[in-house]
Amino acid sequence: RIRDRGAAEAPAARKKGYVATFFPGVAQPAAAGSVTLGLGNELGGIDVRLQRSFTATVKGTVTAAEGTPTEINVQLIDPAMPIAYVGVWFRTMKDGRFTFDGVQPGTYILRANASLPPTPPDVAGVILTAVSEVTVAADGSAPQPALRLVRGVQVSGRLAIDTLRGVVDPTKLRVRLEPISTPSEWEMPVWNEPVDAQGRFVAKGVVPGRFRINVTGLPAGWALSSALFAEREVADHHLIIELDKTYSGVLRFTDRTAEIAGSLTNPMGGPAPEQTVIVFPEDRTLWLPSSRRIQLVRPDAEGKYTIRNLPAGDYRVAAVLDPESGIQFDGDFLARLMPLAEAVKLTEGERKAHDIRVR
């Protein structure tokens, strides 16, 4: 009877029906076509033919060595979906079990996280996390994953207070670990850690992912110059956190960042305040989300602009019209812009004038 019941339930879990469909009529977001709209344009012919596919019910369990937390957040994420919050399913569970219905074939990221209540010395509580890959087959069959929550890792370090001596009290500063969101990493918290009198900081329970490290509370004109973790410069490259590791770094500071300023003019020589100035490094390995070397700035009504707090290096500068939010971190966009952008070399502490004539 048990085998018969299982056989009867299998087809029910593999239902075929209409699924989310993207232009011009595909079920996978990575295969979707793009459309281009200019100001005042009208675009017709955007017809979409709905697609039918087998779908599955993805169900499983989440446990923790410390016992089942009172509340667990579970996300099923389509990593091929580039649009924020589209292709992400959320569940909040209290009994350690989760269910996602109507999941179409594909490979997904299953992420769970929970918090344990604060207990000394972890006065801020403990974050638990688990990640797994789940594949739904073309016939709608899917595994039943069992996730086990584990504690995040420790990230610690010290500020080289000799580079700040006489400038600021280290205890007035805070070290921030800011997550770099990707399609498979949603709703990640920010770690905002205090610094003691010796310049030391500790962030506990940091979940796996990519982070930008920043320091708040610095006086005007001062900036983070270097953040070395195991000889990796994470001031320019992301701090990549993995489980079962610990991380320790040294942070240094400078008041000799570079600046570039000038005017934007149109082909007739008048101001071009409708344009936006972008500066980005020539080194493509530095084309990363939230990079301190990539900046956008709008000029004032007279077309004048200023970009501050840039590390020394080789850059490209260009004017663009109405850039999309976040487009400055897109590698393909920067590659297309590279031949049109002008080369600028900045030395430490330099204030360089650079005017731009819009073509």
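**Strands, rings and a cavity**

Tutor: Let's start at Phe229, which stands opposite Arg232 in S15. Keep in mind that this is a predicted model.

Student: Okay. How do you know that strand S14 and S15 count as paired?

Tutor: Two strands pair if there are at least two bridges between them. S14 (residues 223–229) and S15 share 2 bridges, in the antiparallel sense, so by that cut-off they are a pair.

Student: Which sheet do they belong to, and in what order do its strands run?

Tutor: An open sheet of 5 strands, ordered S12-S9-S17-S14-S15, with mixed pairing.

Student: What makes S12 and S15 the edges of that sheet?

Tutor: Strand S12 (200–206) and strand S15 (232–233) each have a single partner strand, so one side of each is left without a neighbour in the sheet.

Student: Now S18. Why is strand S18 called largely enclosed?

Tutor: Buried means under 20% relative accessible area. In S18 (residues 258–265), 8 of the 8 residues are buried, so the strand is largely enclosed by the rest of the structure.

Student: Which strands does S18 pair with?

Tutor: With S21 (residues 304–310), the pairing is antiparallel over 5 bridges, and Ala258 sits opposite Leu310 there. With S24 (residues 351–353), the pairing is parallel over 3 bridges, and Glu259 has Arg351 as its bridge partner. S25 (residues 356–357) also pairs with S18 in the parallel sense, over 2 bridges, with Thr265 opposite Arg357.

Student: How many aromatic pairs are there?

Tutor: The structure holds 3 aromatic pairs. One of them joins Trp191 and Phe211.

Student: What lines the largest cavity?

Tutor: Its lining residues include Arg212, Asp236, His237, His238 and Pro289. By class, the lining has 3 nonpolar, 4 polar and 3 charged residues.

Key. Residues are numbered from 1 along each chain as its sequence is written. This is a predicted model: local features need pLDDT of at least 70, side-chain atom pairs count only at pLDDT 80 or more; totals for chains, interfaces and linings use all residues. Side-chain values use heavy atoms; hydrogens and water are left out. Buried means under 20% relative accessible area, exposed over 50%, partly exposed in between (1.4 Å probe, protein chains only). Helices (H or I, at least four residues) and strands (E, at least two) are DSSP runs, numbered from the N terminus. Rings of Phe, Tyr and Trp (its six-membered ring) pair if their centres lie within 6.5 Å; planes under 30 degrees apart count as stacked, over 60 as edge-to-face and the rest as tilted. On a 1 Å grid over the protein atoms alone, a cavity is a set of points where a 1.4 Å probe fits but cannot get out, and a pocket is an open set with protein on both sides within 12 Å along at least five of seven lines; lining residues have an atom within 4 Å of a point. Ala, Val, Leu, Ile, Met, Phe, Trp, Tyr, Cys and Pro count as nonpolar, Asp, Glu, Lys and Arg as charged, and the others, Gly among them, as polar.
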